[in-house]
Amino acid sequence: MAIQMQRAFNARMLSRMTKHTVLAGSYDADNNWVGGQIVPSLIFGVVKAGNKFSQFDEGISKRVEDGGTRLSDYLSVYMQNKFVLELADKVEWNGKYYNVLQKSDEDQYGFTSYIAERSENWSPS
């Protein structure tokens with residue numbers, strides 16, 4: 001697995017994504033809630049549609065997208081250890097937003113894998 005993933009991190013295989021980190025909000029001097037800022041940053045990784053937990057039910061999870069058909073709302077994202085996602089982060093890929101659901105440490109192989117779920121109603125404001 002380690003050799004195959006190292007090949008996948010070849011620059012031609014990497015997908016460009018935007019990580020949106022949502023900072024914690026706070027109360028102002030008048031005791032009104034002020035939501036946290038959203039900080040975007042550029043990251044690169046290998047993206048696969050679906051993940052090992054997806055069942056790919058045709059009638060339920062099939063989605064028509066520009067350029068083809070996706071069969072899941074989930075992504076598996078693999079990144080070298082120089083890029084880090086946290087569970088509260090949002091990932092933008094191909095104009096869609098995804099919530100990071102799970103992180104799997106594959107440090108001995110030099111990468112980290114993530115599972116992200118498509119978010120229908122979130123967008124940076």
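**Thr112.** I looked up Thr112 and found it buried, with a relative accessible area of 7%; buried means under 20%, exposed over 50% and partly exposed in between, using a 1.4 Å probe and protein chains only. Thr112 sits in strand β10. Strands (E, at least two residues) and helices (H or I, at least four) are DSSP runs numbered from the N terminus. Leaving out residues up to four places away in sequence, Thr112 touches Val77, Tyr78, Met79, Asn81, Lys103, Ser104 and Glu106, contact being heavy atoms within 4.5 Å.

**Ground rules.** I am reading a predicted model, where local features need pLDDT of at least 70, side-chain atom pairs count only at pLDDT 80 or more, and totals for chains, interfaces and linings use all residues. Residues are numbered from 1 along each chain as its sequence is written, and side-chain values use heavy atoms, with hydrogens and water left out.

**Confidence.** I checked pLDDT, the predictor's confidence in each residue from 0 to 100. The protein chain averages 77, and 72% of the residues score at least 70. Confidence is highest in β8, at 91, and lowest in helix α2 (residues 58-61), at a mean of 42. Residues 55-61 fall below 50, and this stretch has ten contacts in the model beyond near neighbours in sequence.

**Core.** Of its 14 residues, Met17, Leu75, Met79 and Leu85 touch the most other members. Strand β7 gives the largest share, three residues. Leu85 has contacts beyond four places in sequence that include Ile43, Met79, Val91 and Tyr114.

**Charges.** How many salt bridges does the structure hold? I found one, counting a side-chain nitrogen of Lys or Arg within 4 Å of a carboxyl oxygen of Asp or Glu. Glu120 pairs with Arg118, their closest N and O atoms being 3.7 Å apart. Glu120 is exposed, at 53% relative accessible area, whereas Arg118 is buried, at 15%.

**Asp89.** My last stop was Asp89, in the loop between β7 (74-80) and β8 (90-93). Asp89 is buried yet has no salt bridge; Lys19, the nearest side chain of opposite charge, is 4.2 Å away. For charge, Lys and Arg count as positive and Asp and Glu as negative, while His and the chain ends are not counted. The Asp89 side chain does reach the backbone nitrogen of Glu86, at 2.8 Å. Beyond four places in sequence, the contacts of Asp89 include His20, Thr21, Tyr98 and Asn99.

Methods:
Polar contact = N/O pair within 3.5 Å; in protein donor to acceptor, adjacent residues only side chain to side chain. Core = buried A, V, L, I, M, F, W, Y, C linked by side-chain atoms within 4.5 Å.
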